[in-house]
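Visitor: I would like to go through this model and ask what lies behind each label. Please set the values against the cut-offs.

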Amino acid sequence: MNWHLMDIAAILAAQESDPDSGLTSEKAAIRLESTGPNELLDRGGKSPWLILWEQFTSTMALILTGAAIVSGFVGSLKDCLTIMAIVCLFALLGFFQEFRAERTMRALKKLAIPFVRVRRNGEAVDIPSVELVPGDIVLLEAGNLVPADCRVLESYNLKIQESILTGEADAVEKISAVMTEHSGTTGDLRNMAFMGTTVTYGRGVVIVVATGMQTELGKIATMLQDVVEEMTPLQKRLDRLGKVLAVIAILISLLYFMLGLMRGEELRLLLMTAVSLAVAAIPEGLPAVVTITLAIGSQRMLQRRALIRKLPAVETLGSVTVICSDKTGTLTENSMTVTDLQPAANTDDKLLLLAAALCNDAVLRVDDGSVVMLGDPTETALLAAAGKADIHKPELEALFPRIAEIPFDSATKRMVTMHAVSAAGAANSLARACGLQQGDRFIIAKGAVDVLLSYCDDRASIPGILANAEELALQGKRVLACIWSRLEADQPVDPELIHGRMKFTGLIAMMDPPRKEAHAAVIKCLQAGIRPVMITGDHPLTASSIARSLEITDNDIVVTGNELDRIGPDGLAGIAGHVSVYARVSPSHKLLIVEALQMRGDVVAMTGDGVNDAPALKKADIGVSMGITGTDVAKEAADMVLLDDNFATIVSAVEEGRTIYDNICKFIEFSVAGNLGKIIAVMALPIMGLTNPLTPLQLLWLNLLTDGLLGLGMGVERPEPDIMQRAPISTTSQIFDRRMLRHILLTGGVIGLSSIAVAWHHWLHHPSDWQTALFTSLAFAQIGQAMALRSFNHSFFKVGYFSNPLLLGMCVAVILLQMLVVFLPSMQSFFNTTTIELSSLIWIMAPGLLVFATLELEKALSKSKPAQQL
């Protein structure tokens, strides 16, 4: 129901409640049984067993599991156990990431209020918040959390901080009057109080109209549970890759098996070799290498003050094309700050700030040695500005004690205070400048410009003052005026008695300023091909001003929540590509914007810190929460948490994401091309008369050295020099694009043919060790390949010899381990190798040098396509 459009009598009648006595215990019990407890309910989700099952039934996991089963069936228990260990590790890592939704719900429940004061049976009593029902009369005061969605019955300067739902930094003054507009976002409903928001000022009496999951907070919880998480770009690519390689592996194995049967080879050995070829045809080290690469990337991000909560998150940032950012607390400081002082012609900044500090109800409190300002954000901002000018309220109160006041009221739009001049105050330079003496009294008022100017004596200057105020307002700033006047000895504190005789003191403008580092971060995003979009619940003028100052937009186009309601999802889809600022939006609007951008093919990152951001954080391709100001709900819904609340940290994450995607693509090319070379050798040599070139165990050993050790070293390669001058990684791109296919065929061909040449040479001159020479030459070939693949576009000599010490160490480790297999007698019997002559090492190393030279020459001549097209 539109409770904000109903008068109080109609609401009380609809709820069958009395404002003075509240509900009876009996009626409340009946309603509690009907509506249920006032709490956020967890509607469940996937069971742990289902989550675990999905991990083991992924394409890559099924391929590896099948290979392990067949390996065990033919008697290779070691191969079976090794492959299954990789599958289990990959599945468990994915399994533990699936509990984020449950933690999100627990965080939402923390916002529930344990006790609340209500009127029951004609008395004010404290009851558990879960026992609240519609119709309960609730008493609110400063410091309370609102326990349910309520309609305001009485407001005594009641102000509620709703940034947790709307994103607005300022507390909203609540009224009991009926709203005149039929539609409005949460931030516009001034006669409503919403669950989870905070009372910052005054007190009020409200009636509960919605509890639990029916509240605005409950709707957010529902959206969180209804949002379906999609696969990240990397997960989609790996899924496609797994399916392609599965088909290739089966075809290769069947082809080899059929050729072997035609040659009359032993069935068991033929089956084992066919299985080994199937394993060799896919990068079985990919799950482990991807997981380790992402884990190492997340550790590097932690050093940059970004906590990765889900491993694929860093990679996903490499594909981000749009960053949807909340304004308050993300791009701005989430605190009102005085930006402009425009004192009257006959005054100065200090006199203006003195007036603002005296006519002020904010208080200073010393907490653990530090000064804390409490009160309305506007008034604390005025005190902070005065403090910077060495004007301190405690000192002023001693010099000019307050003797009477008229609190701020939304009807009059002003606050008035009366002060006396003490002996010390009379000696103050500012008092002397105003002609004040000991015992004098004066009155100060602050409030809306147009209201206070009507009290001033200089009517001629009013048009100019109003023009200045409007100019400041158009910049998205809040503008206040200050006026003052000396009072006669017996004159009461009533500005109406001196109407038209007060002195204009000046204008003060304030706003929630942008973060200092936000502008540079936005510029870097634009240079990297990423479009920032501001989505906020704040005022359109404020949003536009902040967006222009940060260069998020260069125009005044701002789309509001009401406009989104009018145009609907179809209309939003038409404008989402060029609108960069949305204002006065609700949580559901944010979610619709993210969905509209995703429908256009954008990869969307959403930054935020409030409960209102949580559904969009979860729906976005990657959700980024603030770590300091962020609520628990936002953190649990996010994929990444910025520990320093620094928008610029996202730029570092983008660079890390692109680097990780580069490294994973390099590993895939390295593994598939290397395996292609092995397959060429294993399938071609028997046709040439050299039977059983490699045993299944030798093939698996080579894969362990190359896909395992060398792959791990490639996974930590540093960013390429031009990585932040590229466009985002396209979600429609294939891992196996033309460039990669060309490289795989070229590299695989060179590896296969060169190793065949080594085997043929040794078969002619050293027939007893031709298989060992082939075995070892393949290991050296992939060492040369790994060195050349450190960069797609830049020479090995440009990226630096020692910039990846881990890869160098892995190359040394591969050489040492291979030498042990070849020369250690106990290993020779296990791997069926023989000792080779030292003079043969030149031949054995030749494929590695040839592969390295070929790839370096190809980079120099062909000017490969940018890596973002991979």
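Visitor: Which residues does Val-559 touch, leaving out those up to four places away in sequence?

Guide: Val-559 touches Leu-564, Ile-575, Val-579, Val-581, Tyr-582 and Ala-583. This is a predicted model, and contact here means heavy atoms within 4.5 Å. Val-559 and Val-581 are 22 residues apart along the chain, yet their C-alpha atoms are separated by 6.5 Å.

Visitor: Why is Val-559 called buried?

Guide: Its relative accessible area is 9%. Buried means under 20%, so Val-559 counts as buried.

Visitor: Where does Val-559 sit?

Guide: In strand S19. That strand belongs to an open sheet of eight strands, in the order S8-S23-S22-S21-S9-S18-S20-S19, with mixed pairing.

Visitor: What makes S8 and S19 edge strands?

Guide: Each pairs on one side only. S8 covers 306-308 and S19 covers 559-560.

Visitor: How do you know that S8 and S23 pair?

Guide: The requirement is at least two bridges between the strands. S8 and S23 (residues 640-642) have three, in the antiparallel sense. Ile-308 stands opposite Met-640 in S23.

Visitor: Which residues meet between H14 and H15?

Guide: Leu-353, Ala-356 and Ala-357 in H14 meet Leu-382, Leu-383, Ala-385 and Ala-386 in H15. By class, that contact has seven nonpolar residues, no polar and no charged. Ala and Leu both count as nonpolar.

Visitor: What makes H30 roughly antiparallel to H32?

Guide: The axes of H30 (residues 770-788) and H32 cross at roughly 180°. Over 145 counts as roughly antiparallel, so H30 gets that label against H32. The axes come within 11 Å.

Visitor: How do the residues of the contact of H30 with H32 divide by class?

Guide: Into 14 nonpolar, three polar and no charged. Among those in H30 are Phe-775, Phe-780 and Ile-783. H32 contributes residues including Leu-808, Cys-811 and Gln-818.

Visitor: Where is Tyr-801 found?

Guide: In the loop between helix H31 (796-799) and helix H32 (805-823). Leaving aside neighbours within four places in sequence, Tyr-801 is in contact with Arg-790, Phe-796 and Leu-808. The C-alpha atoms of Tyr-801 and Met-787 are separated by 9.4 Å.

Visitor: Why is Tyr-801 called partly exposed?

Guide: Its relative accessibility is 43%. Buried is under 20% and exposed is over 50%. The value lies in between, so Tyr-801 counts as partly exposed.

Visitor: What covers the buried residues of H22?

Guide: The cover includes helix H13 (327-331), strand S17 (503-511), strand S18 (531-535) and strand S20 (581-583). The buried residues of H22 (residues 540-549) are Thr-542, Ala-543, Ser-544, Ser-545, Ile-546 and Ala-547. Just after H22, Glu-551 takes a positive phi of about 65°.

Visitor: How many helices and strands does the chain have?

Guide: It has 34 helices and 23 strands. Of the 870 residues, 55% count as buried.

Methods. Residues are numbered from 1 along each chain as its sequence is written. This is a predicted model: local features need pLDDT of at least 70, side-chain atom pairs count only at pLDDT 80 or more; totals for chains, interfaces and linings use all residues. Side-chain values use heavy atoms; hydrogens and water are left out. Helices (H or I, at least four residues) and strands (E, at least two) are DSSP runs, numbered from the N terminus. Buried means under 20% relative accessible area, exposed over 50%, partly exposed in between (1.4 Å probe, protein chains only). Axes are lines fitted to C-alpha atoms, for helices over the stretch in contact, and angles run from 0 to 180 degrees between N-to-C directions. Angles under 35 degrees count as roughly parallel, over 145 as roughly antiparallel, 65 to 115 as roughly perpendicular and the rest as oblique.
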